[in-house]
Amino acid sequence: MKKLILFFMMALWFSGCAWFETSHEMEKTAEQLVSEGSSAFAAGDYKDAVKAYTDLKDWYPFSKYAILAELKIADAHYELEAYDEAIFAYEEFENMHPKNEAVPYIIYRIGLCWFNRLDSIDRDHAPAKNSLTQFHRLIDQFPESEYAQKAEKNIQTCIESLSKHELYVANFYMKTGKYKAALKRYEYLIENYPDSEESKQALNKMPRCRELANKK
């Protein structure tokens, strides 16, 4: 019985401490929180920045700083290379504020979140496809944006990554005797990336590949 009473007393004490701490933190104004977040971000303390901006967004959702907080949370995740979290935050921002002037920047950053994960040609090609989709979306919707111009520089890298991946897969099928599958890949490569160096290689390989495929 004494142990039970002691347990409850300790539980009340800890909850009391937590209440006082929370109460103390909630006394911070929106201006204080945005200042904390900005200082932490500038210092490269991105986790602290996320905390400050999240507190600001949660406690003062109608503050004039709330939209800034949403954007900076996404930026902080990006700087931490937590790209899945950054994409989620950027997409949430765009959904909530589709007319905001920061939308071109948002789309560009989503594209970069995928672009920064481009891997070797034998690995998953989803990052290249997804980043290319975002960069094209940016150029189509906001052709005059400075971020559209930046996106154009990355598009060629995405195309090269995708065309190299397609050639790698097609050659693999060719080597392993899956000629019909290889032929489809070569055709897809030529159709979708006609100006690539890989497309020229595919054209050279197709006659032999078609010959072998017809023999099966």
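The entries below go from the overall picture to single residues.

**Entry 1: ground rules.** I am working with a predicted model, where local features need pLDDT of at least 70 and side-chain atom pairs count only at pLDDT 80 or more, while totals for chains, interfaces and linings use all residues. I number residues from 1 along each chain as its sequence is written, and my side-chain values use heavy atoms, with hydrogens and water left out.

**Entry 2: confidence.** I looked up pLDDT, the predictor's confidence in each residue, from 0 to 100. The protein averages 87, and 86% of the residues score at least 70. Residues 1-24 are another matter: there the pLDDT is below 50, and the stretch has zero contacts in the model beyond near neighbours in sequence. I count a contact when heavy atoms are within 4.5 Å. Where pLDDT is low, the predicted coordinates should not be read in detail.

**Entry 3: overall make-up.** How many helices and strands does the protein have? I find 10 helices and zero strands, so the order from the N terminus reads α-α-α-α-α-α-α-α-α-α. Both kinds of element are DSSP runs numbered from the N terminus: helices are H or I with at least four residues, strands are E with at least two. Of the 216 residues, 41% are buried. My cut-offs for relative accessible area are under 20% for buried, over 50% for exposed and in between for partly exposed (1.4 Å probe, protein chains only). The protein exposes about 13600 Å², of which carbon and sulfur atoms supply 55%; the areas come from the Shrake-Rupley method with a 1.4 Å probe, and for residues only the protein chains shown count as cover. Among contacts with a separation of 6 or more, 51% are between residues 24 or more positions apart.

**Entry 4: helix α3.** I checked the span of α3 (residues 46-59). Its 14 residues reach 20 Å from first C-alpha to last, close to the 20 Å expected at 1.5 Å a residue; the expected span is 1.5 Å times one less than the number of residues. The buried residues of α3 are Tyr46, Ala49, Val50, Ala52, Tyr53, Asp55 and Leu56. Their cover includes α2 (30-42) and α4.

**Entry 5: Asp75.** Next I moved to α4 (residues 66-79), where aspartate 75 sits. Is Asp75 buried or exposed? Aspartate 75 is buried, because its relative accessible area is 5%. Leaving out residues up to four places away in sequence, Asp75 touches Phe41, Tyr90, Tyr105 and Arg109.

**Entry 6: two loops.** Glutamate 81 lies in the loop between α4 and α5 (83-96). Its phi is positive, about 60°, although Glu81 is not a glycine. Most residues other than glycine have a negative phi. With a relative accessible area of 57%, Glu81 is exposed.

Histidine 97 is in the loop between α5 and α6 (103-115). At 17% relative accessibility, His97 counts as buried. I noted contacts with Ile67, Glu70 and Val103, neighbours within four places in sequence left aside.

Entry 7: Glutamine 134 belongs to α7 (residues 126-141) and counts as buried at 13% relative accessibility. Which residues does Gln134 contact, leaving aside neighbours within four places in sequence? I find Ile107, Ile110 and Gly111. The Gln134 side chain also makes a polar contact with the side chain of Arg137, at 2.9 Å. For that term I use a pair of N or O atoms within 3.5 Å; within protein, one must be able to donate a hydrogen and the other to accept it, and residues adjacent in sequence count only if both atoms are side-chain atoms.

Lysine 150 is in α8 (residues 146-175) and is partly exposed, with a relative accessible area of 36%. Its C-alpha is 8.4 Å from that of Tyr108, 42 residues apart along the chain.

**Entry 8: cysteines.** Last, I searched the whole structure for disulfides and found zero. The cut-off is a pair of cysteine sulfur atoms within 2.5 Å. Cysteine 113 is buried at 0% relative accessibility, and cysteine 209 is buried with a relative accessible area of 0%.
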